[in-house]
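Open the model in your viewer and keep the selection tool ready. We will go stop by stop.

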Amino acid sequence: TRNHFDAIVVGAGPSGNAAAYMLAQRGLNVLQIERGEYAGSKNVQGAILYADALEKIIPDFRDEAPLERHIVEQRVWMMDDAGHTGMHHRSDDYNEDKPNRYTILRAQFDKWFSRCVKEAGATVIYETTVTSLMRDASGWVVGVHTDRNGEGITADVVILAEGVNGLVGRASGLREELKPENVALAVKEMHFLPQEVIDARFNLKGDEGVVIEAMGTITEGMVGTAFLYTNRESISVGIGCMVSDFTDVGQATPHGLLDRFKAHPSIRPLLEGSEIKEYAAHLIPEGGYKAIPELVGNGWLVVGDAGHFVNAVHREGSNLAMTTGRLAAETVADIILSGGSCSRHNLAAYVDAVKESFVMKDMKKYKDIHGFLKKGRHVVDLYPRLMNRAAQTWFRVDGVDKRSKESTIMREAWRARGIGGLMGDAFKLMRAWR
Ligand code: FAD
């Protein structure tokens, strides 16, 4: 019938766009439905784009995609209230023909990706919300209902790429309610500055960019991190903590934390004189491996944030979204083009493909980190504090001999945590990191 498609993709974020693009490329009849006014209008991200995941979908994306700067330097900062101790990694090797990471502005990037999806032949409709899944008498998913079309639209398969809230999946009983301990709430601002000011402040030329990831006393004892990314003429700055920690641990509000981060002596000079233009808040699924829901069923599968695919340790999300979207599309195309049905049994090939990829391997590697931090919340505050104290003791030249300095550093750590505590933390971290 007129309203029947091979596949319906719910959502036009990175995962939905990857899926819809790949399906259309394989010649399938695809409908993509996005509730936003345009792709990217509802999305918030830092944002770092990981080239590898997109290259596997659109190999020559660099010719046309709206990219800001390519990353040549990564800073990881452990902060106390007065400063930071950390690692800077910078290399001219990143000034390569095909750089590996870029800063992007999601609104522009998603719009461009959505245009590619349409050019590949998919039908894309905006300002339309999928309200529920349509099922047959046996419970098989056979299409969707939207807030525009009373009868619904049918398809062989529905790909849920609806992001972290996943209301359709939840309302349809495909996945559980979001638990506050499995999601982070992140807030973000855009600070505008002339390009040459950003270049000078961060020691950059051309399209080079810098990433700062920060943790420590800035989150007031809550599990979370902050970031600062250089765009061409703006700086994205944000902070996020677990939703449960906002109620259980601190008194702080997300906006209060961001204000505090921006006022930090290590951050303030980098933002000085900037004009703030955007403020946004968004959830990030950070419950890790153990929070991944059922991924396939008869007539449906889940990709991206809706499948809880975020590697919080490495700040990766959109690449996992694009990769799961691509793998889902490849599975679906193989099934439909060979005349098979999109049964749970056949769609399980998608789950196998995700398990074979870096996506599930990384999710699995860090499966215990979430639990480690939940029980050992002190590490996010205490160790950055100790590192900064140790650095000060070590670098001050004050007539105290170096052996005595070493003893002072050890004594302070013991006093703070006890030898058993220190060894226990190290052991638990090693186990969780394995
Ligand atoms: P989304 O991007 O959330 O897209 C889902 C889409 O579905 C939306 O457009 C939404 O409007 C639409 N939708 C939802 N429900 C419906 C419905 N019922 N009907 C129709 N449409 C619907 N990742 C990185 O890789 N690098 C980063 O630097 C980074 N930084 C981040 C910083 C912040 C502050 C946040 C919040 C996240 C960050 N992430 C980052 C994570 C990244 O944004 C996500 O992992 C990624 O956007 C997931 O893509 P997605 O397509 O699965 O979901």
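Select threonine 146. It is buried, because 20 other C-beta atoms lie within 10 Å. Here a residue is buried if 20 or more other C-beta atoms lie within 10 Å of its own, exposed if 12 or fewer, and partly exposed in between, with C-beta atoms placed from the backbone. Threonine 146 sits in strand β9 (residues 141–146). Helices (H or I, at least four residues) and strands (E, at least two) are DSSP runs, numbered from the N terminus.

A note on what you see. This is a predicted model: local features need pLDDT of at least 70, side-chain atom pairs count only at pLDDT 80 or more, and totals for chains, interfaces and linings use all residues. Residues are numbered from 1 along each chain as its sequence is written.

Select strand β10, residues 153–160. Seven of its eight residues are buried. Which strands pair with it? Two strands pair if DSSP finds at least two bridges between them.

- β9 runs antiparallel to β10, with two bridges. Glycine 143 has threonine 154 in β10 as its bridge partner. β9 and β10 form a hairpin with six residues between them. Glycine 152, in the turn, has a positive phi of about 90°.
- Strand β1 (residues 4–10) runs parallel to β10, joined by six bridges. Phenylalanine 5 stands opposite alanine 155 in β10.
- Strand β17 (residues 300–302) is also parallel to β10, with three bridges. Leucine 160 stands opposite valine 302 in β17.

**Strand β4 and its partners**

Move to strand β4, residues 70–79. Strand β12 (residues 208–216) runs parallel to β4, and nine bridges join them. Find glutamate 73: valine 210 in β12 stands opposite. On to strand β5 (residues 84–90), which pairs with β4 in the antiparallel sense over seven bridges. Tryptophan 77 stands opposite glycine 86 in β5. β4 and β5 form a hairpin with four residues between them.

Stay with β12 and pick glycine 209, which is in this strand. Is glycine 209 buried or exposed? It counts as buried, because it has 25 C-beta neighbours inside 10 Å. Glycine 209 and isoleucine 71 are 138 residues apart in sequence, yet 4.5 Å apart in space, C-alpha to C-alpha.

**Two residues with positive phi**

Most residues other than glycine have a negative phi. Select asparagine 203, in the loop between α5 (195–202) and β12. Its phi is positive, about 60°, although it is not a glycine. Asparagine 203 counts as exposed, because it has 11 C-beta neighbours inside 10 Å.

Next, glutamate 220, in the loop between β12 and β13 (224–230). Its phi is near 50°, also a positive value. Glutamate 220 is partly exposed, with 17 other C-beta atoms within 10 Å.

**Domains and core**

Colour the chain by domain. The assignment gives domain 1 (4–66 + 104–176 + 293–356), domain 2 (181–285) and domain 3 (370–433). These bounds come from an automatic or database domain assignment. The centres of domain 1 and domain 3, taken over C-alpha atoms, are 45 Å apart.

Now show the largest nonpolar core, with 115 residues. A nonpolar core is a set of buried Ala, Val, Leu, Ile, Met, Phe, Trp, Tyr and Cys residues joined through C-beta atoms within 7 Å. Ala7, Ile8 and Val10 are among those with the most contacts inside it. α9 gives the most to this core, 10 residues. Domain 1 and domain 2 both give residues to this core, so it lies between them.

**The ligand**

Select the ligand. How many residues surround the ligand? There are 40, and the closest are Gly11, Gly13, Gly163, Gly304 and Gly317. A residue is near a molecule if its C-beta atom, placed from the backbone, lies within 6 Å of it. Elements that give two or more residues to this shell include α1 (14–25) and β11 (183–192). Domain 1 and domain 2 each supply at least three of the shell residues.

**Last stop**

Select residues 370–434. UniProt places "domain: FixC-like C-terminal" here, in an unreviewed entry. UniProt positions are in the numbering used here, feature names are shortened, and annotations may be inferred rather than shown by experiment. The span is 85% helix and 0% strand, and its end C-alpha atoms lie 13 Å apart.
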